[in-house]
Amino acid sequence: MEYFNLSPSTEPSPPATGIGADVPDPTNISGSVSDRPVHPTAPVGINMEHPEDATIAAAFPPSLRIDDHLPDVIIVASNNVYFYAHRHRIANASSNNLGGLLDWGVYRRGFLPSIRLPESGDIVNVVLHTMYGLSCTHFHPTLETVEAALDALNKYGVCVQTHTAPYQPLHQLILSLAPYRPIDTYALAGKHQLEDLAVTISGHLLSFDLSTITDALATKMGPVYLKRLFLLHQGRLDALKNIILKPPESHPTTPGCNPAQHGLLTRAWALATAQFVWDATPSKAFPEFEVHPPETGHSPTAGLSVVGISPNSLKALLDPIGDKIACESCRLMLQQRIQEVVVSWSSVKVRLTQCPLWSPQILITFLVLQPTI
Ligand SMILES: [Zn+2]
């Protein structure tokens with residue numbers, strides 16, 4: 001995150017008084033009426049324990065004019081990062097006036113009210129960008145920062161679901177993290193019931209080994225999203241089995257290839273497919289598919305779940321069957337069958353099914369009402 005460093009104060013600072021502490025208004029460069037001198041370029045000499053650490057958030061400088069208004073409140077992060085903000089923007093986004101903190105600020109001539117938050121500057125940066133409807137993806141916040149920001153948004157009365165709808169800046173920010181931390185991002189989406197995000201992120205989890213989901217991750221994403229992820233994998237595994245169940249067709253008998261020799265192709269097909277499908281489960285990794293970080297974060301030797309195999313990789317696994325077949329007609333039938341498999345596998349769904357009405361309560365009701373077998 002970019003900040004403007006402030007020079008240390010040359011005057012002793014009074015102790016911080018927390019919420020509502022008045023600080024000099026650096027935008028009031030005329031220095032009109034004030035009990036204390038106002039520095040024209042930096043809000044130094046203000047209430048903070050370590051003035052040498054004070055910084056101004058690059059995206060929220062004192063000169064930030066929004067809706068034709070200059071900042072009228074300062075949000076101070078726990079690490080002394082100053083965000084010059086606009087009360088009306090915060091009040092519009094927050095249903096509880098920033099957790100009631102906005103009510104504490106009192107404007108006095110020559111001063112801006114300040115609100116000290118317990119969150120760090122990186123977190124407040126995401127929170128304020130979200131309130132303003134701005135993108136902060138270019139600051140590259142970590143997933144942990146975004147997760148803390150979502151918790152803060154909830155605390156400050158900002159509807160996370162509204163701001164994570166498709167095409168919203170926060171939606172794009174979370175999606176940008178999914179390729180690098182897919183299961184963690186999915187768990188975050190599940191935690192906040194972010195349906196659209198969870199569906200999109202699930203496309204990054206086709207190769208994820210479900211057996212590695214920790215108790216903490218399962219708890220975070222909740223039973224509904226955990227179950228849906230398993231159903232996605234199981235559905236794709238069942239589809240894969242059905243697709244490759246059918247062996248290549250036999251061609252009419254020729255002088256060089258009779259029905260007995262056709263059996264060679266059928267057996268070769270069955271052997272090749274059985275090796276990676278018939279004993280597979282959604283949580284079983286297939287060691288012949290290797291993946292390299294950082295795409296999944298796995299070690300280079302880690303296997304991928306068979307349900308995440310790409311159509312091209314599936315074709316590469318089936319093509320060698322033809323190496324053992326001498327008959328050209330049989331090889332042609334094999335290639336036709338492989339092409340059918342690739343097309344069918346490409347059409348199998350790669351994401352969760354949209355289920356916006358599901359909630360833990362609905363799931364429990366659904367399970368309770370199921371007849372006992
Ligand atoms: Zn043949």
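Reply: The expected span of a helix is 1.5 Å times one less than its number of residues. This is a predicted model; local features need pLDDT of at least 70, side-chain atom pairs count only at pLDDT 80 or more, and totals for chains, interfaces and linings use all residues. Residues are numbered from 1 along each chain as its sequence is written.

Take α8, residues 215–245. Helices here are DSSP runs of H or I with at least four residues, strands are runs of E with at least two, and both are numbered from the N terminus. If straight, the 31 residues of α8 would span 45 Å. The end C-alpha atoms of α8 are only 36 Å apart.

Now the burial. Buried positions in α8 are M221, Y225, R228, L229, L232, H233, R236, L240 and I244. Buried means 20 or more other C-beta atoms within 10 Å of the residue's own, exposed means 12 or fewer, and partly exposed lies in between, with C-beta atoms placed from the backbone. Across the protein, buried residues make up 36% of the 373 residues.

The C-alpha atoms of M221 and Q193 are 8.5 Å apart, at a sequence distance of 28 residues. Q193 sits in the loop between α6 (182–191) and α7 (195–202). Q193 counts as partly exposed because it has 18 C-beta neighbours inside 10 Å.

Now the wider setting. The protein has twelve helices and eight strands. Of its contacts with a separation of 6 or more, 68% join residues 24 or more positions apart. A contact means C-beta atoms, placed from the backbone, within 7 Å. R89, in helix α1 (residues 87–93), shows such reach. Its C-alpha atom is 6.5 Å from that of Y132, 43 residues away along the chain. Leaving out residues up to four places away in sequence, R89 touches I66, M131 and Y132. R89 is partly exposed, since 19 other C-beta atoms lie within 10 Å.

P311, L314, K315 and L318 in α10 meet I338, V341, V342, W345 and S346 in α11.

How values were computed: Contact = placed C-beta atoms within 7 Å.
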